[in-house]
Amino acid sequence: MLNPLRIQNSLTGKKELFEPINAPFVGMYVCGPTVYSDVHLGNVRTFVSFDVIYRYLMHLGYKVRYVRNITDVGHLIDDADEGEDKIGKKAKLENLEPMEIVQKYTEDFHRVMDQFNALPPSIEPTATGHILEQIEMVETLLENGLAYESNGSIYFNVKEYQKNHHYGKLSGRKIEELISNTRELDGQDEKSDNVDFALWKKASDGHIMRWPSPWGMGFPGWHLECTVMGTKYLGKTFDIHGGGMDLKFPHHECELAQSVGAHEQDPVKYWIHTNMLTVNGQKMSKSLGNSFLPRQLFTGDHDLLDRAYSPMTVKFFMLQSHYASTLDFSNDALQAAQKGYKKLMNGLRIIKNIEYTTEKGVEINEKIAGQINQLCDNCYRAMNDDFNTALTIGHLFNLLKKINSIPTQNLKLAEIGEETFNRMKATFCSFITDVLGLKEENNLNSEGLLEVLISFYKKAKEAKDYEKVDEIRNQLKEQGVVLKDMKTGIDWAYEE
Ligand code: AMP
Ligand code: ZN
């Protein structure tokens, strides 16, 4: 019996059986990037993790509506309630319209996601596209007595909320500690209490991103957009809400309070938080100055990089750890990942080209067939255990051993039978390409050039022009491709 899918729920701290509210439909909301700069590799880790979750749910047959927003207003410097808007600040610095900044970095984000072969979400709403809905929610919270106006800004009243609800239930923070840890009100502050957070901020004179509201010109607070867009596209309660661990507090705690405060119901059944990509044990972050951009990895142009790494190598490196563990950047691990990725892709090429054939006199060996079926089950077991890609990859390597022994005849197809062979082929191929989202990364092949070169190679061999044969071999080797003379003809593989 296969284990059903379980998800580590940050809300309860437990691994819970996944039972969608309205199966087979699944609603999933992931906090998207703030588009004021290029995404760094840490951001990519989080989005790749959710891409795999999205892919696996679809692989299991769920109809997933995946909403991932673009934060294009309201995210202030230092994630605080004071200070400049990250996008507004960049626009001023570069002397551009804020929407030019938004356009530029949204396109960059899409390009990077494409390079990592992450699927686009079903809906990608923007915060600025939902100002009216955000104003409506502020009005609801005011009506419900959970918000107050102060000098043209509106704040969420945490202590009032706390009377009937639990602020801190997601992050585990204690309100008493939050109160004592935050600085004293200096008398200038608009908030009644420091734990309160902004729902709507009055635009000061220099603030360029502003909209009319019942409280004057202003802009929405950062946490409000996700509550509003999640509700609009997925309903008042939906299945999965995710983001990086650093969003748990205050962003998601505030989202939760806003939803409960406005609708009197918990917004999310399963909260998923991905862990951080670190550099020498420290969170990769732009402000710490230890981040690198995907393109720096692809060119090797960074002090910390020994060499360049391809997108699929980097993706494979990320998937070799579970999303809930921290992952420390290392050149050695990336080099090992490159080898591993190529091995798997070579296995994929082998199995894709094999069709089942029977062989006279060869009987099914139940033991070997059983082992292979077990390995296929293990891939599902691992993914069903809170999307454990690290374990899944281990099982795929065990399947790979079997696959690699087919061309050498150490494993005969007739020994495992057609059903098991088809299952092995389907599992191996679909886990690598559909679930993990790994793809061939070979410019030569995609251009059809490899086929042309192989035909020249064949002709040179037939003509016994060994100088040419060696030349073609060597040049392909430089491109990371090795030619293999097989009984069945000439094939190629990635150099491992
Ligand atoms: P931001 O653009 O800063 O809003 O971040 C986008 C996403 O990347 C959020 O879900 C963050 O939690 C996540 N994130 C930021 N830094 C890292 C990191 N070093 N490792 C993994 N995820 C990160
Ligand atoms: Zn969010």
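**Entry 1: the second largest pocket**

How much space lies in the second largest pocket? I read about 750 Å³. The pocket is lined by 30 residues, and the closest to its centre are Ile354, Ile406, Pro407, Thr408 and Met486. I then looked up which elements give two or more residues to this lining: they are α11 (331-352), α13 (389-404), α14 (413-435), β14 (481-486) and β15 (489-494). Sorted by class, the lining has 12 nonpolar, 10 polar and eight charged residues. Domain 2 (279-435) and domain 3 (446-494) each give at least three residues to it. I note here that I am working with a predicted model.

**Entry 2: the largest pocket**

Next I turned to the largest pocket, with about 970 Å³ of space. I find 40 residues in its lining, and Tyr36, His40, Asn43, His75 and Lys86 are the closest to the centre. Four helices each supply at least two lining residues: α1 (41-59), α2 (86-94), α3 (98-115) and α7 (222-234). By class I get 16 nonpolar, 15 polar and nine charged residues.

**Entry 3: the chain as a whole**

The domain assignment gives domain 1 (6-274), domain 2 (279-435) and domain 3 (446-494). Taken over C-alpha atoms, the centres of domain 1 and domain 2 are 34 Å apart. I looked up their contacts too: 31 residues of domain 1 meet 35 residues of domain 2. The chain has 17 helices and 15 strands. Along the principal axes, its C-alpha atoms fill a box of roughly 90 × 55 × 35 Å. Of the 496 residues, 53% are buried. Among contacts with a separation of 6 or more, 73% join residues 24 or more positions apart.

**Entry 4: the zinc site**

Which atoms coordinate the zinc ion (ligand 2)? I find Cys31 (SG), Cys226 (SG) and His251 (NE2), at 2.0 to 2.2 Å. The spacing of these donor residues in sequence is C-x194-C-x24-H. Cysteine 31 sits in the loop between β3 (25-30) and α1, and cysteine 226 in helix α7, so the pair ties together parts that are 195 residues apart in sequence. I checked burial for both: cysteine 31 and cysteine 226 are buried.

**Entry 5: cis peptide bonds**

I went through the peptide bonds. Most peptide bonds are trans. Alanine 23 and proline 24 are joined by a cis bond, with omega about 5°. Proline 24 is in the loop between β2 (14-17) and β3. A cis bond also joins phenylalanine 249 and proline 250, with omega about 0°. Proline 250 is in helix α8 (residues 248-263).

**Entry 6: positive phi**

Most residues other than glycine have a negative phi. I noted aspartate 79, whose phi is positive at about 55°. Its place is in the loop between β4 (63-68) and α2. Aspartate 386 also has a positive phi, about 55°. I find aspartate 386 in the loop between α12 and α13. Is aspartate 386 buried or exposed? At 2% relative accessibility, aspartate 386 counts as buried, because the cut-off is under 20%. Aspartate 79 is partly exposed, at 36%.

Leucine 483 is in strand β14 and counts as buried at 6% relative accessibility. Not counting residues up to four places away in sequence, leucine 483 touches Ile454, Tyr457, Arg473, Leu476, Asp491 and Trp492. Its C-alpha atom is 9.3 Å from that of isoleucine 472, 11 residues apart along the chain.

Tyrosine 356 lies in the loop between α11 and α12 (366-384). I read 17% relative accessibility for tyrosine 356, which counts as buried. Leaving aside neighbours within four places in sequence, its contacts are Leu413, Ala414, Gly417, Glu418 and Phe421.

Conventions: Residues numbered from 1 in each chain as written. Chains lettered and ligands numbered in written order. Predicted model: local features only at pLDDT ≥ 70, side-chain atom pairs only at ≥ 80, totals over all residues. Heavy atoms only, no water. 1 Å grid on protein atoms, 1.4 Å probe; cavity = no way out; pocket = protein on both sides within 12 Å on 5 of 7 lines; lining within 4 Å. Points joined across faces, edges and corners; volume = space filled by probe spheres on them. Nonpolar A, V, L, I, M, F, W, Y, C, P; charged D, E, K, R; others polar. Domains from an automatic or database assignment. Donors = N, O, S within 2.8 Å, 3.2 Å for Na, K, Ca; no water. Buried < 20%, exposed > 50% of the residue type's maximum accessible area, 1.4 Å probe, protein only. Contact = heavy atoms within 4.5 Å.
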